[in-house]
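The sequence and structure are shown first.

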Amino acid sequence: MKTSIATVSISGDLREKLAAIAGAGFDGIEIFENDFLAFDGGPREVGRMVRDHGLEISLFQPFRDFEGLPEPERQRAFDRAERKFDVMEELGTDLVLVCSNVSPAALGGIDRAAADLRELGERAKRRGLRIGYEALAWGRHVNDHRDAWEIVRRADHANVGLIVDSFHTIARKIDPQTIRSIPGDKIFFVQLADAPLIDMDLLYWSRHFRTMPGQGDLDVTGFAAAVAATGYDGMWSLEIFNDQFRGGSPGTIAADGHRSLVALMDAVRRAEPQISADLVPMPAPIAVEGVEFIEFAANEAEAEDLRMLLASMGFAHAGRHIAKHVDLYRTGGVNIVVNTEREGFAHSAYLMHGTSVCDIGLKVEDARATVERARALGTEPFEQPVGPGELKIPAIRGVGGGLMHFVDDKTELAKVWETEFTPVAAQAISDMGITHIDHVGQTMNYEELLTWLLFYTTLFDTRKTPMLDVVDPAGLVRSQVIENEKGTIRFTLNGADQRSTLAGHFISESFGSSVQHIAFASSDIFKTAEALKATGFAFLEISPNYFADLQARFGLDDDFVDILRTSNILYDRDGQGEYFQLYSSLYGDGFFFEIVERRNGYGGYGAPNAQFRIAAQKRSLRDRKIPAR
């Protein structure tokens with residue numbers, strides 16, 4: 001598979017774009033004309049720069065408002081084309097994109113357009129060039145790839161072919177399967193883009209909200225499968241217009257783009273195995289069985305505060321590492337590791353972020369296959385020296401530079417706790433009803449959100465939920481959930497772009513994106529709440545006004561609401577399902593624990609309660625900062 005990306009898709013000047021595109025592993029570029037016009041060197045210099053980066057110019061675009069014009073506009077269009085051909089010859093590319101006419105002067109007519117393209121094809125042939133015709137979703141007379149194909153078919157010229165774009169097809173709700181009947185050798189180029197589903201003007205939607213495949217809501221996989229079924233064997237290219245990407249890191253956006261293309265074509269190959277796709281073999285998306293452990297980095301003094309908080313939730317000291325200052329705490333099926341080493345990755349994480357989650361361990365179907373797939377998608381494995389008796393546990397870097405380790409049941413990794421930890425003297429364990437980790441909340445700058453969404457959905461067998469706006473008294477935080485069908489893995493990704501929000505405060509004070517909260521599942525949250533009261537657990541106190549409104553909204557009886565109020569338990573309902581949640585007070589600069597109970601298949605995360613929880617947390621944060629007299 002040969003991959004390409006339009007220069008308009010990422011930020012920077014042309015030199016910066018080329019470096020980022022080459023660094024991400026692309027084979028070619030589409031030169032968007034404005035990027036060329038803004039460059040201070042000639043076309044020959046641009047061509048040399050591209051080739052010096054190991055890239056090819058796969059397409060020059062766009063050539064606008066060409067076909068179906070009356071005279072004298074028609075002749076001027078051909079004159080413009082000849083000047084484009086001059087530039088293409090100096091650049092060293094042979095394919096130009098001609099998009100369907102949007103000019104009010106365009107006359108329309110299939111045969112008229114075909115005749116113009118045939119003549120243009122003849123002119124291109126004399127120079128060894130090719131013409132690719134594309135239907136814009138907002139074209140004046142041609143806005144459907146089926147009509148564009150009919151024009152190309154009637155033009156009947158070897159140097160004239162079709163260019164298809166997933167956005168233009170899907171945005172107009174045209175069935176992509178109609179592409180399967182087009183001969184693959186007449187498709188000269190394929191452009192791919194995803195987008196969130198938004199009901200708005202097509203041109204505005206396209207110019208501002210396109211995303212990489214897998215980051216939006218469009219069926220780009222179905223589109224790509226239809227194209228691949230034709231036998232098409234050319235470039236698969238990204239053409240992304242996105243306001244956020246234009247201001248983002250060129251290297252990050254380019255890497256996301258390449259990851260999205262590799263994952264997309266892997267999905268096509270798995271959906272339709274008979275389709276030939278020239279891809280490096282990789283394991284299928286990885287099944288996750290659950291969170292095996294959460295590791296905190298801390299120093300000795302702060303670790304003691306964390307241990308006391310864990311003890312108040314029923315965690316018992318269960319083991320000590322055979323060679324390091326690392327302790328294991330357990331309750332139910334939850335493993336929490338506290339690392340106070342003074343060297344190594346965890347210590348570096350502590351120096352950078354303070355006491356924080358530095359590592360998430362996932363139990364997967366196959367740990368080594370997980371790293372193999374991650375590598376194929378552009379993520380480098382993480383390694384550090386292991387000591388005598390320690391296991392080499394496969395790992396990669398995740399959100400905020402933190403680690404993700406992987407264990408499984410099919411190798412020696414299944415005995416990691418017995419192998420690497422020495423049991424400590426048995427402690428009495430209070431059964432508080434906590435059973436496992438329900439979800440992990442990761443907070444990041446908003447511009448990172450799509451990157452990490454793509455990271456999770458391409459590596460693991462997961463799905464994403466619709467993006468939600470979480471109301472903070474100081475602004476909005478955008479939240480999206482990554483989860484699998486079984487509910488054994490759930491990550492809530494929260495993107496903040498304002499420092500004044502609680503999420504933004506957490507990022508700024510802890511110097512980077514990280515895990516902001518961990519939610520434990522309870523088998524009986526009322527039993528858990530009573531047990532927590534006995535241990536001195538510091539509950540987050542919720543406003544009494546919330547509970548009065550709750551009673552009115554759901555028609556709850558007085559006694560039930562009183563129980564919720566006295567235990568600071570928030571409540572939500574989804575069809576027949578019910579959701580209960582309580583929170584710890586804030587730890588450090590915004591980290592917190594949550595305990596939840598799901599009943600009767602509740603599938604959400606208590607989103608309606610988020611603004612009330614955040615308001616309570618911000619009150620707590622404010623009160624902590626008021627100096628005592």
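Predicted model: local features only at pLDDT ≥ 70, side-chain atom pairs only at ≥ 80, totals over all residues.

On the α9 side, the contact is formed by V220, T221, A224, A225 and A228, and on the α11 side by L264, M265, A267 and V268. Of the residues in this contact, eight are nonpolar, one is polar and none is charged.

Two packed helices are described by the angle between their axes and the distance between the axes. Here, α9 spans residues 220-228 and α11 spans residues 250-271; their axes come within 9 Å and cross at roughly 65 degrees. Angles of 65 to 115 degrees count as roughly perpendicular, and α9 and α11 are therefore described as roughly perpendicular to each other.

## An open sheet of eight strands

The model also contains an open sheet of eight strands with mixed pairing, in the order β14-β15-β13-β9-β12-β11-β10-β16. On average, neighbouring strands are turned by 30 degrees against each other, direction ignored.

Strands of a sheet pair through backbone hydrogen bonds, either parallel or antiparallel. Strand β13 (residues 356-364) pairs with strand β15 (residues 403-407) in the parallel sense, over five bridges. Within this part of the sheet, K363 stands opposite V407 of β15.

## A helix packed on the sheet

Helix α13 (residues 345-353) packs on the sheet and touches β9 (288-297), β12 (334-339), β13, β14 and β15. The direction of α13 makes about 135 degrees with that of β13.

Definitions and conventions. Residues numbered from 1 in each chain as written. Heavy atoms only, no water. Axes fitted to C-alpha atoms, helices over the stretch in contact; angles between N-to-C directions. Helix = DSSP H or I, 4+ residues; strand = E, 2+ residues; numbered from the N terminus. Parallel < 35°, antiparallel > 145°, perpendicular 65-115°, else oblique. Contact = heavy atoms within 4.5 Å. Nonpolar A, V, L, I, M, F, W, Y, C, P; charged D, E, K, R; others polar. Pairing = 2+ DSSP bridges.
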